[in-house]
Every structure is written in C-alpha cells, then in structure tokens.
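User: I have a model open and I'd like to learn how to read it. Could you walk me through it feature by feature?

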Amino acid sequence: MLSAIGTTPAGFIVVTLLLMGVCALLTGQAVAKTWRPAWQVAAYALLLAAADRFLVFALFDGELLSIAGYVVDACLLGAVAAGAYKATRARKMVAQYPWRYRRAGLFGWREIGGGHP
C-alpha cells in the first residue's frame, strides 16, 4: 500500500483526500462557473497532483518522485474535479436557460418539450 500511494495511509487521507480533495472540488466548480471547456479540469488535476506530491513529501516525509503515487493522486483528484464540474455545469445550464432545460439527475439536463423537429 505504501508503494502505491507514496506515503503513509494517514498522510494520504489528510493531504490527498481532505486538503487536496477540497481543492479539486473547488477547481471543478470554478472551471464550470466560468464556462471553460472540460479539458481544463484534467490539466488542473495534473497540477493539483503535483502539489499534492510536494505536500506529502514536505509534511509526511513521503516520496516526492513517486510515479505510482502521482498517478493515484491525479486520478483521484481528477475524478473529484470532473464530478464537481459536471454537477456545476448542469446546475448552471438549468439556472441560465430555465425555459429550455430541466434537470435530469445530479450531472445532467434535458430539453423541455422533446427535441428538434
């Protein structure tokens, strides 16, 4: 387990899940609120994973250059950011165009009145 995440389980929970997880959530929301494309979420997730690696190294004496740890961090933070992006985008579409769209679950929206002729 230690080699897969590059730190102790306590360090992984504190830094990656709590601290950087909140950062990824806010990043996904910010990208969606400014109507930026979804590919930017992936780019920001890679940067957040690099910051996570540094914080794990500095605070918990973890491996700085752990490729496996970086991949795990990037995938986890990317999933959180992408989920926040999709939920925020769905909320904004329905709020901005209430005459055209209705919510369809947490991550989606659908057109009111069917579709195109």
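Analyst: We'll go from confidence to overall shape, then to a helix, a contact and some rings. This is a predicted model, where local features need pLDDT of at least 70, side-chain atom pairs count only at pLDDT 80 or more, and totals for chains, interfaces and linings use all residues. Residues are numbered from 1 along each chain as its sequence is written, and side-chain values use heavy atoms, with hydrogens and water left out.

User: Where is confidence lowest and where is it highest in the chain?

Analyst: pLDDT is the predictor's confidence in each residue, from 0 to 100. The chain averages 90, and 94% of the residues score at least 70. Helix α1 (residues 2-5) has the lowest confidence, with a mean of 70, while helix α4 (residues 67-96) has the highest, at 95.

User: How many helices and strands are there?

Analyst: Helices (H or I, at least four residues) and strands (E, at least two) are DSSP runs, numbered from the N terminus. Here you get four helices and two strands, in the order α-α-α-α-β-β along the sequence.

User: What should I look for in helix α2?

Analyst: Start with the span: the expected value is 1.5 Å times one less than the number of residues. Helix α2 (residues 9-33) has 25 residues and reaches 33 Å from first C-alpha to last, close to the expected 36 Å. Next, look for bends, each being the angle between axes fitted to the seven residues ending at a residue and the seven starting there. A kink of about 40° in α2 is centred on Gly 21. Just past the helix, Trp 35 takes a positive phi of about 60°.

User: Which residues of α2 are buried?

Analyst: An α-helix has 3.6 residues a turn, so residues three or four places apart point the same way. Buried means under 20% relative accessible area, exposed over 50%, and partly exposed in between (1.4 Å probe, protein chains only). In α2 the buried residues include Gly 21, Ala 24 and Gly 28.

User: What is Ala 81 in contact with?

Analyst: Contact means heavy atoms within 4.5 Å. Ala 81 is in helix α4 and is buried, with a relative accessible area of 2%. Apart from neighbours within four places in sequence, Ala 81 is in contact with Ala 24, Gly 28 and Val 41. The C-alpha atoms of Ala 81 and Gly 28 are separated by 4.3 Å, though the two are 53 residues apart along the chain.

User: How many aromatic pairs are there?

Analyst: A pair of aromatic rings is described by the distance of the centres and the angle of the planes. Rings of Phe, Tyr and Trp (its six-membered ring) pair if their centres lie within 6.5 Å; planes under 30 degrees apart count as stacked, over 60 as edge-to-face and the rest as tilted. By that rule there are three aromatic pairs. One of them, Tyr 97 with Trp 99, is edge-to-face, at 5.7 Å centre to centre and 85° between the planes. Tyr 101 and Trp 109 are also a pair, with centres 6.5 Å apart and planes at 75°, so this one is edge-to-face.

User: Is Tyr 101 buried or exposed?

Analyst: Tyr 101 counts as buried at 15% relative accessibility, whereas Trp 99 is exposed at 63%. Ring pairs link Tyr 97, Trp 99, Tyr 101 and Trp 109 into a cluster.
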